[in-house]
Amino acid sequence: MTTATPISLNETVLNEALAGLTSIPKTLSPWLFYDQRGSDLFEQITDLPEYYLTRTERALFATHADDILREFLSPGAPATQAFRSPNTFTIAELGAGSASKTGLLLQAATRLQAATRLQPEILYQPIDVSASALEAAENLAASIPGLTVQSQVANYVTEPYTLQHSVASNSGAPGLASETWDSQNARAINSPASSAPRTRVLALYIGSSIGNFSPEESHAILRRLRSHLQPGDALLLGADLAPSSHKPVATILAAYDDAEGVTAAFNLNVLTRLNRELDADFNVDRFVHRARWNGNDSRIEMHLESLLPQVVHIAGHRISFAQFETIHTENSYKFTDEALSALLTRSGFTPTRTFHDPTRSFALTLAHTV
Ligand code: AVI
């Protein structure tokens with residue numbers, strides 16, 4: 001009798017590394033960046049002066065959190081209109097990480113909940129592959145009164161995940177499951193817990209995470225998310241925008257090749273990881289970080305370039321490098337508004353409103369299900 005042996009992380013890393021480094025051109029998957037050191041370096045990247053993405057998206061949340069919620073709940077409603085929603089709602093997030101930007105939206109949601117007394121609390125459902133990142137997301141509940149966090153550890157690309165569409169009653173107290181919305185009189189009325197209303201879902205996929213996937217993978221991720229949603233739900237997609245008259249290529253390139261060398265360290269760290277976890281013998285000083293703009297595919301590419309001809313050993317395999325040969329480690333796609341709209345439409349969403357920063361560097365696009 002044979003018993004199934006679970007595949008260890010090292011085995012997954014080994015398979016990934018060998019497949020990528022024996023292919024032509026050589027590649028390594030970007031998920032390999034995120035060991036503890038890589039995750040710390042990524043956090044540092046988000047604070048760099050050149051890396052405009054995080055602070056631009058955060059500013060969009062700071063400015064537009066109420067508008068996003070209003071547009072989600074009542075598409076097309078004027079900003080002057082008071083919130084009058086016929087439904088309760090929950091906020092979910094794919095790849096939530098530490099959810100630092102999401103906190104701004106959750107604060108707005110709990111303010112709305114306190115003002116309308118529509119539901120007893122806002123349920124936040126972060127989904128992330130990293131349990132330690134989710135701890136930070138869970139801690140939001142301590143700092144935002146009226147917030148409940150229900151996290152899920154899952155790789156949203158390869159593993160199943162669930163989205164909750166209703167929230168349990170507060171045992172008879174006015175709450176989600178014991179109230180329905182009287183839309184004519186714009187007030188909550190009590191009803192038996194069994195008739196708990198379906199909760200609308202606002203699913204966040206932000207941070208330009210979509211940019212790290214190929215067009216086919218992005219489509220698959222959004223289609224899968226769409227299959228979890230129902231009419232009245234929506235997606236808020238955060239994506240970095242392509243070069244334009246307001247945004248030179250040089251600005252984008254600098255974000256991936258900063259003066260301090262943090263992005264270089266982040267890229268090179270993948271070799272250190274392979275040395276540690278696979279007992280490989282990369283001499284990290286013999287590789288350099290390269291960031292390139294690929295205009296045909298509208299993406300930044302990160303590579304590790306071999307400074308000289310060399311051979312590296314990994315688990316009994318010899319990997320030869322020619323001088324200047326590169327390992328392609330990451331793509332970061334940059335979108336036009338039209339490309340985002342086409343991707344969303346193809347994936348079963350109807351884009352309803354896009355929020356831009358003043359330099360049109362970044363877009364938060366709200367797209368409803370219909
Ligand atoms: C995680 N992701 C959205 C980052 C990006 O901008 O593509 C990863 C990154 N790579 C280098 N710098 C940041």
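Q: In this predicted model, what is 2.7 Å from a nitrogen atom of the ligand?
A: An N or O atom in the side chain of Glu330 lies at that distance from the ligand nitrogen. The model is a predicted one.

Q: And how much of the ligand does the protein bury?
A: The protein buries 95% of the 340 Å² that the ligand exposes when taken alone.

Q: Which elements give two or more residues to the shell around it?
A: They are helix H2 (36–45), helix H8 (262–278) and strand E14 (326–333).

Q: How many residues surround the ligand, and which are the closest?
A: There are 14 residues around the ligand, and Tyr51, Asn212, Tyr256, Glu330 and Ser332 are the closest. By type, the shell has eight nonpolar residues, five polar and one charged.

Q: Changing topic, what is the strand order in the open sheet of four strands?
A: The order is E1-E14-E11-E10, and the pairing is mixed.

Q: Why is one side of E1 and of E10 left without a neighbour?
A: Strand E1 (26–27) and strand E10 (287–294) stand at the edges and have a single partner strand each, so one side of each has no neighbour in the sheet.

Q: How do E11 and E14 pair, parallel or antiparallel?
A: Strand E11 (residues 299–306) pairs with E14 in the antiparallel sense, over seven bridges. Within this pairing, His328 in E14 is the bridge partner of His303.

Q: Where does H8 lie?
A: Helix H8 lies across E10, E11 and E14, at about 60 degrees to E11.

Key. Residues numbered from 1 in each chain as written. Predicted model: local features only at pLDDT ≥ 70, side-chain atom pairs only at ≥ 80, totals over all residues. Heavy atoms only, no water. Near = heavy atom within 4 Å. Polar contact = N/O pair within 3.5 Å; in protein donor to acceptor, adjacent residues only side chain to side chain. Areas by Shrake-Rupley, 256 points an atom, 1.4 Å probe, with all protein chains shown as cover. Nonpolar A, V, L, I, M, F, W, Y, C, P; charged D, E, K, R; others polar. Pairing = 2+ DSSP bridges. Contact = heavy atoms within 4.5 Å. Axes fitted to C-alpha atoms, helices over the stretch in contact; angles between N-to-C directions.
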